[in-house]
Amino acid sequence: MARFQKPAEGTWTEHYPSLGTAPVSFEDSISPAFYELEREAIFKRAWLHVGRIEQLPRNGSYFTKELPGLRTAVIVSRDMQGRVRAFHNVCRHRGNKLLWEETPRDETCGNARQFVCKYHGWRYGLDGACTYVHQENQFFDLRKDELGLAPVHCDTWAGFIFVNLSREPRQTLRDYLGTMVGALEGYPFHRMTERYSFRSENNSNWKVFSDAFQEYYHVPPLHTHQLGPTPEAQNPEYEFEGAHYQLDGPHRMVTTSGTHKHNWPREHLYPAEALTRSGNTGPWDAPDLGEKLPGVNPSGIARWGIDNFQVFPNLEILIYERGWFVTYRYWPTSHNTHVFEADLHFVPARSARERLAHEYAALTFKEYGLQDVGTLDGTQMGLEQGAFRQFPLNDQEILVRHFHKTVGDWVDAYARVRAEKPAQ
Amino acid sequence: MNAALLPREFAEFEPWAATWCLARESERWAQRLRSSMEELQAFYDAVFPRAEEAIAYCDRFPLDSMPADAERLLQLLHSLLMVSYAVEVWKRPEVIHCGSARIDRILEPRP
């Protein structure tokens, strides 16, 4: 029997009839040709999350961001008027990467009044305008005012900074995010400024990794230890059910519900969980965030646990009942590799005890995340073997189904437009 | 004899200090992976029983202006949590089923 109320149709999947219930192809995760289309159709057209506003604390603050699969890197800065801007990280003179520290491949951040190219010393204001050309009189017909940095569309929502690499985005960022994600606008993300950041280079398609983090069906079998130290707790047969699923345009979410760890009997906890009062759902002692938290737990589930928002194409925002949040980003680097980035955000610790609770949550993320990384390399190998072409997905995997359908729809739409307008 | 690294109240942890008072997660992770299970268990068994007391000691000071010896004690507690996963959960230094996977922590609050 279902643990939670399902829609009138009987299942979440059938509530959204366009999804169908047929087995699904993962050809989109193993094909180099599809990957090339995906880069153009999705990553050069969608709004992409590149950072948080807290990374630009003052006028003149900047950070760089590599977008490796797009063969692009951007500078995101706050100019002297306080406006957040983004530019391609390329000098207008001879195309050198403009901002980097020790090596051009590594990201950097800092505070500056101007950007200076290491190669020939050209300078740019934080608004991107070229302000100085070394030995300017040696050039021919040089119009400095036409030699600024190449701007990239940039906008912020709820402190999340996004860029869009298309010439003219089809939607504003706010319209793109829609009502479901947009409802989080007033959530106190800005108070959670203590950040733990992680990076992982993985041997799987970006969608294969994202798929694992948009269903909880895999948790009891793969992360058996996560359930607790006792044989009763470690039951790989445990049946998980998401409490609520919702789709909105290209975006999707799932809400979890369950007994909160802080209410568990002591014998079902690891000693370090009891010591730190923390674990995989975060520190037990939640900060006071006020009564009303906009946008979270949209269906009002009792014993709300986590809201898992999947913002198309490659951002996941996990909001935990205990008052902290996590973001994941998946950056494709080829058809079967990607860079995974995770950021854990807490209201800053005020004491050593709080620091250790955050540390234990951050450790827990990595320990179980490594099981995902290890396993998903195996998924990629299995898919590439080609033994099967279609794969069954259950109702708890509705978001996986929606994700691959959305990716396919975007690629098809792009291919149609390209067919109608042949290259000049 | 070397100067004490930890507060006098926790002198019994001194034998562990040189190995486990590490400021960064990357250092603590590397130390866990190059330790034997016997070494991890011995460190865990020595520190865990007084961990609550050590947390209370660190809590006497503001997080951003701890005396150096208390800050090292806090680092030792960070290492205890790192080691707890090997001792309590995996029963070995490495995560089970992680293959050659790596997840690097590239930013963290200090201390």
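Colleague: What makes the sheet of seven strands in chain A an open one?

Modeller: In this predicted model, the strands run in the order β1-β10-β9-β4-β3-β2-β5, with antiparallel pairing. β1 (48-52) and β5 (109-111) stand at the edges with a single partner strand each, so one side of each has no neighbour in the sheet. Neighbouring strands are turned by 30° against each other on average, direction ignored.

Colleague: How do you know that β9 and β10 of chain A pair?

Modeller: Pairing asks for at least two bridges, and strand β9 (residues 151-157) and strand β10 (residues 160-164) of chain A share five bridges in the antiparallel sense. One example is A:D155, whose bridge partner in β10(A) is A:F162.

Colleague: Why is α2(A) called roughly perpendicular to α8(A)?

Modeller: The axes of helix α2 (residues 32-43) and helix α8 (residues 398-420) of chain A cross at roughly 90°. Angles of 65 to 115 degrees count as roughly perpendicular, so α2(A) is roughly perpendicular to α8(A). The axes come within 9 Å, and among the residues making the contact are A:L37 and A:I42 of α2(A) and A:W410 and A:Y414 of α8(A). By class, the contact has eight nonpolar, no polar and two charged residues.

Colleague: What makes up the contact between domain 1 and domain 2 of chain A?

Modeller: Domain 1 covers 12-41 + 179-420 and domain 2 covers 49-168. The contact takes 13 residues from domain 1 of chain A and eight residues from domain 2 of chain A. Strand β16 (residues 324-334) of chain A gives the most to the domain 1 side, with four residues. That side of domain 1 has seven nonpolar, three polar and three charged residues.

Conventions. Residues are numbered from 1 along each chain as its sequence is written. Chains are lettered from A and ligands numbered from 1 in the order in which they are written. This is a predicted model: local features need pLDDT of at least 70, side-chain atom pairs count only at pLDDT 80 or more; totals for chains, interfaces and linings use all residues. Domain bounds come from an automatic or database domain assignment. Two residues are in contact if their C-beta atoms, placed from the backbone, lie within 7 Å. Helices (H or I, at least four residues) and strands (E, at least two) are DSSP runs, numbered from the N terminus. Ala, Val, Leu, Ile, Met, Phe, Trp, Tyr, Cys and Pro count as nonpolar, Asp, Glu, Lys and Arg as charged, and the others, Gly among them, as polar. Axes are lines fitted to C-alpha atoms, for helices over the stretch in contact, and angles run from 0 to 180 degrees between N-to-C directions. Angles under 35 degrees count as roughly parallel, over 145 as roughly antiparallel, 65 to 115 as roughly perpendicular and the rest as oblique.
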